[in-house]
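Biologist: Hello! I am new to this model and would like a close look at one residue, with its surroundings to follow. Could you take me through it slowly?

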Amino acid sequence: MNYREILAGFELDSDPVSCETYGNGLINNTFLVTTEGGEKYILQRVSEEAFKDVPALMENISGITDFLEKKASCRGKEAHVIAPVKTAEGKTFVKTDGYYRVTPFARDTISIEAPESDDDFYECAVAFATFISDLADYPAETLHETIPNFHNTVDRYRLFHEALERAETDPELAPRIDEAKSEIDFALGHESEAGILQGMRDSGELPTRVTHNDTKLNNVLLDAKTRKLRYVIDLDTVMPGLAHYDYGDCIRFGASTAAEDEEDLSKIECDMHLFEVFSRGFISACSDLTDREIEMLPLGAKTITLELAVRFLTDYLDGDRYFAIKYPEHNLARCRNQMKLVSDMEKKWDEMNRIVAEIAK
Ligand code: ADP
Ligand code: GN1
Ligand code: MG
């Protein structure tokens, strides 16, 4: 990649002098750029494996960031999103060997991989719930579906079955089926319950909202000093969805007692104290959740954890095409990790429901 050539298209303060790999995202290629003038920017090559229509995705991001910036300015407040840097022609990306975009680097912020305190996690809950609330009047019909059926767990199972069939007939991938035998059995054993939430979305029992859909902790930037919310980032998957997706994804990542790829399964649990802290923040900041939505939040946590387990397993069986991996069995390790978390949630099911019901009183 010739970064100077790519960046020449964008309206930066001055010429770039360095460009280094940055961050822990699993999808896009992210780089930190420094310019002659000392400014910093984030340059990203957007994954075309994940996103089939990048111009449509960038249109979503422009729409969302414009909308939230206007709303914040009407309220005399700072917006908590970062708008893309434009090119001389007013575009938000350039296309060379791939699609590239630039955002100003958020200085004096931190992106966390695990909450260091209850306050950190509460702040992230409020951040993602407020994001949903603020987008309640966004014209959802104008949003492109950047990844069709992204959190449709039933469809995720369809893709899993397809990957399994492909692996069966591919001599290079077939050994992975033996390797993942117990995980495949676990996935199959949970297939029927994986579709409950989707059924409730389809029937309208749970309302479709505009949601973020990728609410890992490291997609929030906190102020390095105050640890208060600065930005919600990674807006690639903002689409119509259920509040449960955003709630569940952040629980599975942030309330786990271990990293998403921890291999020692004995270290992995869903921490009930963190679960309560997050649930309090989320329910208080997303104040118009219906009673039924609140009641179903624990199912959101379990379903999204199971969905991720199945997605990691699918990618493993597919030869690791989607998620960035650091070693050959990385996706299988992530899958086992998420399955352990699902099992732990099953053990704590009554407690999870009691906690949420207590907060809702
Ligand atoms: P991915 O889709 O691959 O996760 P992200 O957009 O989340 O890509 O970026 C990856 C990481 O880069 C983030 O988790 C964050 O740490 C960092 N990052 C991204 N954009 C910015 C920004 N504008 N300022 C500071 N850090 C950023
Ligand atoms: C990806 O882009 P990133 O790293 O924030 C993925 C999420 C997964 C997550 C698992 C577009 O998130 O859905 O939950 O990895 N994003 C996309 O770590 O697939
Ligand atoms: Mg990210």
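Biologist: Does Asp344 count as buried or exposed?

Modeller: Asp344 counts as buried, because its relative accessibility is 4% (buried means under 20% relative accessible area, exposed over 50%, and partly exposed in between, with a 1.4 Å probe and protein chains only). Before we go on, a word on the ground rules. Residues are numbered from 1 along each chain as its sequence is written, while chains are lettered from A and ligands numbered from 1 in the order in which they are written. The model is a predicted one, so local features need pLDDT of at least 70 and side-chain atom pairs count only at pLDDT 80 or more, whereas totals for chains, interfaces and linings use all residues; side-chain values use heavy atoms, leaving out hydrogens and water.

Asp344 belongs to helix H13, which covers residues 330-347 (helices, H or I with at least four residues, and strands, E with at least two, are DSSP runs numbered from the N terminus). Its side chain makes a polar contact of 2.8 Å with the side chain of Lys348. Such a contact is a pair of N or O atoms within 3.5 Å; within protein, one must be able to donate a hydrogen and the other to accept it, and residues adjacent in sequence count only if both atoms are side-chain atoms.

On a 1 Å grid over the protein atoms alone, a pocket is an open set of points with protein on both sides within 12 Å along at least five of seven lines, a cavity is a set where a 1.4 Å probe fits but cannot get out, and lining residues have an atom within 4 Å of a point. Grid points are joined across faces, edges and corners, and a volume is the space filled by probe spheres set on the points. The second largest pocket has a volume of about 680 Å³. Strand S2 (29-35), helix H9 and H13 are the elements that give two or more residues to its lining, and S2 provides the largest share, three residues. There are 33 lining residues, with Asn24, Gly25, Leu26, Lys326 and Arg334 nearest the pocket's centre.

A backbone N or O atom of Leu26 is 2.8 Å from an oxygen atom of ligand 2. A polar side-chain atom of Lys216 also lies 2.8 Å from an oxygen atom of this ligand, and one of Asp214 lies 3.1 Å from a nitrogen atom of it.

Now for the largest pocket, which holds about 900 Å³ of space. Of its 47 lining residues, Gln44, Asn218, Asn219, Ile233 and Asp234 lie nearest the centre. Gln44, Asn218 and Asp234 are also among the closest of the 19 residues that surround ligand 1. An oxygen atom of ligand 1 is 3.0 Å from an N or O atom in the side chain of Ser111, and a backbone N or O atom of Pro104 lies 3.0 Å from a nitrogen atom of the ligand.

Asn219 counts as buried at 5% relative accessibility, whereas Asp234 is partly exposed at 26%.

The loop between S7 and S8 also holds Asn213. Asn213 is not a glycine, yet its phi is positive, about 80°. Most residues other than glycine have a negative phi. Asn213 is buried, with a relative accessible area of 2%.

How values were computed: A residue is near a molecule or strand if one of its heavy atoms lies within 4 Å of it.
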